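Let's walk through a structure together, one feature at a time. Have the sequence and the model open as we go.

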Amino acid sequence: MSSIAVSLLDCEFDESKCLEADDYQTRVGKWCAGCGDFGALNAVKRLLAKEQLQPEKMAFVSGIGCSSRFPHYVNAYGFHGIHGRALPIATGLKLARPELDVFVVMGDGDCTSIGAGHWIHATRYNPNMTVLLLDNNIYGLTKNQTSPTTPEGYASNTSPRGSVLPALDPLQATLGVSNASFVAQTADWVPAHLYATLQAAYDHNGFSFIRILQRCPKFTPDVFDDAIKNPDHVELLVHADGVDAPGLEKLFKARREHNPKDLDEARALAQRSDLLRLGIFFKDDSFPVYDEIRAVSPVSAEEKINKLEKEFDRYGV
Ligand code: SF4
C-alpha cells in the first residue's frame, strides 16, 4: 500500500489536501479494452474520494476471476483470495477489525458457483460490508466457460451447443435468503446509476449486495445488447429511499416507483423478465448485523493473562 495517508482534518481545512479519485488507483487495470470492470473501478474510486476514505482504514477482498484483480488496483489493504472464498475471508476480517470499511469484489463464476454456499450464508449473517458481484455471464479469466448466470442457449467452450439450463438469477437468489438487507442491480454502462448505487450500498448498515451487469467484449459481447441499444427496455426503480441520478430521466423513460422496503414486490420484480430493471430492489436497515452481534469489548493484556491463569488453574493438580 503506498503511503498517501492524509488526515480527514487536513482535507476539511484545506481542499488541496483531499484525496482525489485517482489517488485511490495504484496502476492501470489489466483488463481487455472495453471491459466493464474499468467502469466499476472508476465508480469505486469516485466513491472513495467522495467519502475521503483513508487507504489504511479500508480493505478490498476478492476471489478469483477477471474482476478479482480489483484489490491490486485500489490503494487500500487488499486480499486477493481463493476461488469462491472472498466472503468468508471478508467476514473474518470484519469481525476481527470492525472499524475497517470492507469491500468485496466477485465474479459470477466465483460467487454463484463455487462460492454459492458462502454467498447464501454471508447474506444471512448480514455483516456490514459492500459487496460487488460483477456479472458478465461467463467465466472470463479461464477463457469462456458457462457460468451459472450464462443465458440458456448461449454457447461457450464448455457448452458449444449452448447452455442447457435456465440461468440462475442472483437477485432472486439473494432476495430469497432470510435477513438479506440490501439487494440492488446496476450496470457498468450507466456510470451515474452505478455510482449512485454504490453510494447507497456504502451508506447501508449491513450486507449490501450489488449485482453489476458487466460487459465482457471478449466472451459475451452481446448478452446485454438489447438493454444497451434500446434504453426503452430498461426500467429504473425509483423511490425517495432508492437511487437516482441527474440526467437518467432523459435516457430512461421507463421508471417505476418501488418502495425498497417492500420485499414481496422486490421478489416479484426480480422474477419478471419483460424489462431489465436497475435500482434498489430491497433495503432494510433494521435487520441484525452479525459483526455488531458478535462485537466484544476490547480486552486488556492484563485481563487476558488473568483469564488464561484462571483456565490453567482449572487443570491444576
Ligand atoms: Fe473483461 Fe472479459 Fe477480458 Fe475478462 S475476458 S478482462 S471480463 S473483457
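Q: Where does Cys66 lie?
A: Look in the loop between S1 and H3. Those labels are DSSP runs numbered from the N terminus: helices are H or I with at least four residues, strands are E with at least two. A word on the source: this is a predicted model, where local features need pLDDT of at least 70 and side-chain atom pairs count only at pLDDT 80 or more, while totals for chains, interfaces and linings use all residues. Residues are numbered from 1 along each chain as its sequence is written, and side-chain values use heavy atoms, with hydrogens and water left out.

Q: What is Cys66 in contact with, leaving aside its neighbours within four places in sequence?
A: Contact means heavy atoms within 4.5 Å. By that rule Cys66 touches Trp31, Asp37, Gly140 and Leu141, once neighbours within four places in sequence are set aside. Thr142 is 76 residues away from Cys66 in sequence, yet their C-alpha atoms are 8.8 Å apart.

Q: Why does Cys66 count as partly exposed?
A: Buried is under 20% relative accessible area, exposed is over 50%, and partly exposed is in between (1.4 Å probe, protein chains only). Cys66 has 22% relative accessibility, so it counts as partly exposed. Cys32 is partly exposed too, at 41%, whereas Cys35 is buried at 11%.

Q: How many disulfides does a search of the whole structure find?
A: A disulfide is a covalent bond between the sulfur atoms of two cysteines. Here the test is a pair of cysteine sulfur atoms within 2.5 Å. The search of the whole structure turns up 1. It joins Cys11 to Cys18, with S to S at 2.0 Å. The link of Cys11 and Cys18 is right-handed, with 85 degrees about the S-S bond. Cys11 counts as buried because its relative accessibility is 10%, and Cys18 counts as buried at 19%.

Q: What order do the strands of the open sheet have?
A: Two strands pair if DSSP finds at least two bridges between them. The open sheet has 9 strands with mixed pairing, in the order S2-S1-S3-S4-S6-S5-S9-S7-S8. Its edge strands, S2 (77–80) and S8 (255–257), each pair on one side only. Strand S3 (residues 101–107) and strand S4 (residues 129–135) pair in the parallel sense over 5 bridges. In S4, Leu132 is the bridge partner of Val105.

Q: Which residues have the most contacts inside the largest nonpolar core?
A: A nonpolar core is a set of buried Ala, Val, Leu, Ile, Met, Phe, Trp, Tyr and Cys residues joined through side-chain atoms within 4.5 Å. The largest one has 35 residues, and Leu48, Met58, Phe60, Phe70 and Phe103 have the most contacts inside it. Apart from it lies another core, of 26 residues, among them Met106, Trp119, Phe207 and Ala266.
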